[in-house]
Amino acid sequence: MLQSLVPVFVLSILVIPLPIAVYLTAILLRRDVRIGTPIAMIVIAGATWSAGYAMELLFDTPEQIRWATAFQYIGLAYGPVGWFLLGVRLRRYVFPLLSWRGLAIFVVPTITYLCVLTSEHHTLNYRSKELVEVWGFLVYQNEYGPLFWLHIAYSYSMNIIGVFLITVSIMESQNFYLSQRIALLVSLILPWIANIMHIFKLDGIPIDYSPLTLFVSGIALYIAVMKFKLGELMPVARSKLIAEMGDALMVFDSEDRMIDLNEAATKLFHPNKLSVGMAAAEVFADHPRLMRYLDEPDSSQASSLVYTGFHDRIYRFTQEALEASASRMVTLRDVSSESRTLDALQVVLAGVGQDTGEAFCRSVSRALAMSLPVRTCLVGSISPDEPDIVKTLAFWDRDDYVDNVNYSLHGAPCENVVNASTCCYPNNVKNLFPEDVALMNKGIEAYVGTPLFSHDGHPIGLLAIMDDKPLGNEELATSLVEIFGQRTAVELERSIYEERIASSEANYRQIVETTKDGVCVADLDGNIRFVNDPMAAMLGVERSQAAGQALGSLLSFDLLDAEELKVAGEETRELWFSNQSGTRFCVSLSKTVIQTPEGKPHELLFVFVDLTEIKMVASINEEIERQMQQTQKVESLGVLAGGVAHDFNNLLTPILGYVDLAKPHLRGQEAEEYLDKIEEAGEKLADLCSQMLTYSGKGQFLKEPLDLNVQLSGFRELARATVPRTTALYFHLDGHLPPVLADGTQINQVVLNLLINASEAMTDSRGAVQITTGTELLVADDPAIRFCDQARSGEYVYVDVEDNGVGISPENLQKMFEPFFTTKFEGRGLGMAVVYGILKAHQGAIRIVSEQGKETSIRVYFPIEEEITISAAEKETTEQVQGSAALNRGKVLVVDDEDYVRGILRGMLEHMGFEAIEAEDGDKGLAAFSAGSGQFTACVVDLTMPGMAGMELLDHIRKLDDKVPVLLVSGYSRHEVCQQEAKSTNVSFLQKPFTMDQFKKAMEAKLG
């Protein structure tokens, strides 16, 4: 039963609004309300939409439903226009509906409605329609066409514009229009809520009750008009209230024409006979001060002024802009019966507003001069340095400011003011102070002045008014000058302190701006408020961009959390940070809390002292010191290695020599085999000593012009045999290499050692090694290059050995040239030490590029220097030197400090048929040679001996007999005696250890 009543109830609810809307529309239009037309459109739209929707639910044939839809579309199409017009009318913008602008807003609704009427002939509005039953009603379920969505967009646009304009009107309306506000809000909100809930099916009700809520909105607007006077311009009692008020009231439009006035204004300006339409200049023709005040730029704002130009009465002149239009209302209120001083004081206070400093002094001088009124008002300051001079800060004279002046207090009324207290001379002041020429020239009759004191009682200035006629109200003028004198004194003292603070601040700012340290001021949250140029450079941003950003977001600290910057504690620490561009800085960061006068934390001051350069220099110095220590260490090890090798060579000399001497005397295969093993071990030990001498730089070298490409080409087979077969070997040889002075054998040794290291670095069967030659210009201070001798810039030929092995760790890079350092299970650790020694002997350099886990490139350099020549001794081998004509058997002087070396030399010489005369040092050797001068066939001299060394002994022998052959022997290399060999063909060199055959050949080379 209840369900059967639903259709009847729904239909009655939807149909009722139509007759009500017709009745309300008639009342609205009959009352001629300014916003009646748009409200009527809204009411009718809601009612027709509601009634049409009721007919659509009531009818059961497609034709009837189509006509019901067309009827409700009257409301749907034209309702949004009503909302738009309501907003426009409430914003006081009215255009006739029959104008082109009025008709334009009806174009889209009209086209929409015509298309609805003809919808059975096209699909612009509906692509398809399907009848379905809802709550016992047959309703269409529509699929809409393009014109429907165009109309929806237009309707919502009109609604949104109207709602926006109405909302603005609500916000700008006065508080006493609260009832109108509520009615408008109800009318705005209801249709939107209902429509949104129906479109998005938020309520679960299939019936669209949007038309009903639109009608309710119209009712709310009707109530606002009828009961709360919505749309009426002014209260009904306006005319009576204004007409009978005692204040003179006038309204001027934007062109300063009077458009309204009351009876009090007519009486005040009698006999001028004011009337609507008069210009303001005509109204105030006899009152130029009021006209000037009216014309001031800020006259659009509410302001007031005390004026005494009407029949010796005091009036408050007030002007205020009217919100309704571009007009302003002027009011003149008689305040003579009130406390004249209090009222004038309020007006002057209003005149100075919120001004401070010099602006306050100017406002006071103007407000006092216009309020009293008088001709002149000035504010002057007195400096302790010049107590007799007044410097004006503000000088108002004849309706305008004039330039500030300096004048003397002597003979002026201001002198009495400064030395005493407030002085008032209501008339004849120019005759009382005849020495004041300015008073006489300006014709000043009246004067009132008061001193301005600081808080500690020292005079800092004065405030004075002057007029060219006798003072009319002495008490009022004196009271105002004294009152505002105290206020002006406070402002003047504050200005003095501000000036001092500004000067001090300028000094501090100059310090901050000129310092090389970074200065940053931030709030307690770490947001930047100020930075100087060095700080901006550290941040990597412009100064203007830094303000407002968080300091912690611009910097990335190594050891400091950005949140620690916000902690209000004072500290200094040294740390590293990076800015957003990646630049790193080392700074000494100090943080200081800036407090308010009450002692509360207010801001944070950061000072960044840049230590980056200092740290870099210190790091460079540490690196240099480390390299020097390393060099000294290497040199010390080199001396040690050379000494050990020299002693080993001395020890090996008798071992190998006695083996040679023993072989002829021992027969048998087993004995010879044992001797061969001893000799083989001795030769290996000699080879080790040779490598140690090479590391120490005292190895045996034979330098000659050498083409490294030719040298390496002949080295290919040996190189191929050095690296594993699984490793690819590539040669990239520059075809235009200049020759270098080098020992080819030592070059092979360098490349061989580098190839061995490269091949042992391979962990992949697909490894590859590349040997490259070329030329490169080196710079002496290049940190990537390690010069093995004195660093020299210039052109170098290089050999580069590159592998794709496991790389070298930084720790091993530091130690790789140390002798006996190795990372291999087997090895002596002399490979790279020998490379370094050979390069040092060739004045070369080396560069290593490697990272652990990546490829390694080792490039060795040999200098190209034309001035390096090859001595004759270096070009010749010991076998190429011409000797004496025949082998002379005779005496041979043997000088060596080691007994076992002398013993083997004696044995070898005796085996060769010589007689050996031994001497254990240079002094005894020289004595023996001197005693047997001419008897010695040859001399064998050790280079390194205590006392007189071998080279010194050789010089003495050459002086005694420059013909005798001399064979120099040493555990070191021959390069130390090259110059002596070059001077004489009778001097040769043999390096220990040597065999019997080597010694014999050396002797035969000298003796034939």
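How many of the residues of strand E14 are buried? In this predicted model, 6 of the 6 residues of E14 are buried, so the strand is largely enclosed by the rest of the structure. In a regular strand, the side chains alternate between the two faces of the sheet. In E14, Gly518, Cys520 and Ala522 point one way, while Val519, Val521 and Asp523 point the other way, and all of these residues are buried.

Strand E14 belongs to an open sheet of 6 strands with antiparallel pairing, arranged in the order E15-E14-E19-E18-E17-E16. The edges of this sheet are formed by E15 (528-531) and E16 (555-557), each of which has a single partner strand, so that one side of each is left without a neighbour in the sheet. Averaged over the sheet and with direction ignored, neighbouring strands are turned by 35° against each other.

Both partners of E14 can be described through individual bridges. With E19 (residues 601-610), E14 (residues 518-523) pairs in the antiparallel sense over 6 bridges; within this pairing, glycine 518 has phenylalanine 608 of E19 as its bridge partner, and aspartate 523 stands opposite glutamate 603 of E19. With E15, E14 likewise runs antiparallel, and the two strands are joined by 3 bridges, cysteine 520 having valine 531 of E15 as its bridge partner. The hairpin of E14 and E15 has 4 residues between the strands, and in this hairpin glycine 526 takes a positive phi near 85°.

A search of the whole structure finds 15 aromatic pairs. In one of these, phenylalanine 284 and phenylalanine 317 are arranged edge-to-face, with a distance of 6.0 Å centre to centre and an angle of 80° between the planes. This pair links distant parts of the chain, since phenylalanine 284 lies in the loop between helix H12 (280-283) and helix H13 (288-295), whereas phenylalanine 317 lies in strand E6 (residues 313-321), 33 residues apart. Phenylalanine 284 and phenylalanine 317 are both buried. The pair formed by phenylalanine 929 and phenylalanine 936 is stacked, because the ring centres are 5.7 Å apart and the planes stand at 15°, an angle that falls under the 30 degrees required for stacking. Phenylalanine 929 and phenylalanine 936 are also both buried.

Helix packing is illustrated by H31 (residues 899-912) and H35 (residues 996-1007), which pack at an angle of about 65° with their axes 11 Å apart, and whose crossing is right-handed. On the H31 side the contact involves Leu905, Met908, Leu909, His911 and Met912, which meet Met996, Phe999, Lys1000 and Met1003 in H35. Classified by residue type, this contact of H31 with H35 has 7 nonpolar, 1 polar and 1 charged residues.

Threonine 727 is placed in the loop between helix H26 (716-722) and strand E21 (728-732). With a relative accessibility of 2%, threonine 727 counts as buried, because the cut-off for a buried residue is under 20%. When its neighbours within four places in sequence are left aside, threonine 727 is in contact with Arg720, Met762, Gly767, Ala768 and Val769.

Key
Residues are numbered from 1 along each chain as its sequence is written. This is a predicted model: local features need pLDDT of at least 70, side-chain atom pairs count only at pLDDT 80 or more; totals for chains, interfaces and linings use all residues. Side-chain values use heavy atoms; hydrogens and water are left out. Two strands pair if DSSP finds at least two bridges between them. Axes are lines fitted to C-alpha atoms, for helices over the stretch in contact, and angles run from 0 to 180 degrees between N-to-C directions. A crossing is left-handed if the near helix is turned anticlockwise from the far one by less than a right angle, and right-handed if clockwise. Contact means heavy atoms within 4.5 Å. Ala, Val, Leu, Ile, Met, Phe, Trp, Tyr, Cys and Pro count as nonpolar, Asp, Glu, Lys and Arg as charged, and the others, Gly among them, as polar. Buried means under 20% relative accessible area, exposed over 50%, partly exposed in between (1.4 Å probe, protein chains only). Rings of Phe, Tyr and Trp (its six-membered ring) pair if their centres lie within 6.5 Å; planes under 30 degrees apart count as stacked, over 60 as edge-to-face and the rest as tilted.
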